[in-house]
Amino acid sequence: MNLKENAFLLLKWILICVLVGVFSGSASAFFLTTLEWVTQIREHHLWIVSLLPIGGFIIGLTYYYLGKDAAKGNNLLLEEYENPQKTIPLRMAPLVLFGTLITHLFGGSAGREGTAVQMGGAIADQFTGIFKLDNSERKTIIILGISAGFASIFGTPLAGALFALEVLYFSKINFRSVFLSFLVAYIAYFTVEYWQVKHTHYQISVVPQITFKLFICVILVSILFGLASMLFSKTTHFWGNLFSKTIHYPPLRPFVGGVILAFTFYFIGTTKYMGLGIPTIVDAFSTPNASYVFLLKILFTGFTLGAGFKGGEVTPLFFVGATLGSALSLVVPLPIALLAGMGFVAVFSGATHTPIACTIMGIELFGIESGVFIGISCVVAYFASGSVGIYHSQIVKGAKYKLYQRFKSHNLEDF
């Protein structure tokens with residue numbers, strides 16, 4: 001390939017990055033704005049939670065008759081990356097946007113990352129046909145969509161770029177994809193900034209010097225974070241399998257789930273476990289939580305998503321980690337904000353098998369001063385969380401995969 005062809009190829013991919021970044025970033029900005037709007041409507045008109053079954057039935061009908069492959073959500077992106085078959089349908093973007101807004105409007109416990117990533121992936125893959133990309137190049141375009149969606153929804157471009165690479169099995173990624181993933185992440189991030197949409201800010205003001213005693217404490221609490229990741233993933237899969245087996249007509253699953261959720265929220269008398277739970281996450285950095293709070297969020301989110309409501313898992317994972325870390329501050333000699341921040345990213349690390357991206361995300365959100373604690377926590381939680389994650393179709397490779405394979409090859413038969 002001569003210099004002219006190389007220059008043309010570079011310009012083509014820069015143009016693709018600009019298009020994907022701007023469109024995905026704008027979609028995320030619109031989503032964040034409308035998500036805040038529906039959340040405020042729910043908070044000021046709590047009676048609307050009684051309509052959660054109706055909202056669930058609408059989502060179920062929409063996906064059953066219009067969704068087709070789009071109903072697979074993030075797993076479709078992972079499957080198409082691993083084994084490219086056909087272009088991700090553009091309808092995935094408006095469907096998941098609509099479904100997520102309905103879920104949050106009526107009080108379902110869900111996140112937002114899945115929505116942004118799916119919108120980014122669907123938007124990005126439309127350029128496969130426009131630019132006549134082959135299967136190898138199509139893998140790159142899927143990385144760009146995931147990177148743009150994640151970076152723009154959380155305001156963490158470095159973590160977004162690394163998350164897209166790591167969640168798709170880092171060792172198989174080529175260097176072109178690495179460069180382009182970072183480029184599109186920053187374009188999407190600055191697009192949201194251009195639209196003047198703000199992200200939530202967190203702060204860890206006190207970071208102690210690490211000592212051997214504190215190091216042991218970090219290891220122990222990080223194991224708990226990893227176990228919380230495992231519980232979250234298994235709970236979500238459990239409810240999804242249960243609804244699939246017991247209710248054969250898919251639109252009825254979120255309807256029945258909505259009835260149960262609406263009654264439960266009414267009787268517990270709190271909005272804490274509805275929606276994203278951002279206020280609770282913020283409070284966790286300064287006020288210790290009860291030990292059961294993170295467990296209830298796991299239960300409600302797993303039930304909501306398993307029933308067929310839409311949204312993401314990541315912000316609920318932040319909630320679980322931050323509130324668990326906050327509760328542990330009562331018995332662990334570490335600052336509450338540091339423990340909440342460690343849990344915030346470590347539980348996410350374990351559930352998605354992405355310790356590198358989560359470490360960088362922690363540094364982006366909380367500052368480099370807490371980097372050592374964040375890094376140790378993410379890696380330990382990654383190993384402690386087992387081989388099950390929130391994404392069915394994720395190919396789990398890397399250090400943890402090799403460790404478990406070695407463990408299986410030396411099982412009980414050797415004893």
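How many aromatic pairs does a search of the whole structure find? The search finds 29 aromatic pairs; rings of Phe, Tyr and Trp (its six-membered ring) pair if their centres lie within 6.5 Å, and planes under 30 degrees apart count as stacked, over 60 as edge-to-face and the rest as tilted.

1. A word on the basis: this is a predicted model, where local features need pLDDT of at least 70 and side-chain atom pairs count only at pLDDT 80 or more, while totals for chains, interfaces and linings use all residues. Residues are numbered from 1 along each chain as its sequence is written, and side-chain values use heavy atoms, with hydrogens and water left out.

2. Phe 150 and Phe 348 are stacked, because their ring centres are 5.9 Å apart and their planes at 10°. Phe 150 belongs to helix H7 (residues 135-154) and Phe 348 to helix H15 (residues 336-352), so the pair ties together parts 198 residues apart in sequence. Helices here are DSSP runs (H or I, at least four residues), numbered from the N terminus. Both Phe 150 and Phe 348 are buried (under 20% relative accessible area, 1.4 Å probe, protein chains only).

3. Tyr 273 and Phe 319 make a tilted pair, 6.3 Å centre to centre with 50° between the planes. Tyr 273 is in the loop between helix H11 (252-268) and helix H12 (278-284), and Phe 319 is in helix H14 (residues 314-328), 46 residues apart. Tyr 273 counts as buried at 4% relative accessibility, and Phe 319 is buried at 0%.

4. One aromatic cluster includes Phe 150, Phe 348, Tyr 202 and Phe 285.

Notes: Helix = DSSP H or I, 4+ residues; strand = E, 2+ residues; numbered from the N terminus. Buried < 20%, exposed > 50% of the residue type's maximum accessible area, 1.4 Å probe, protein only.
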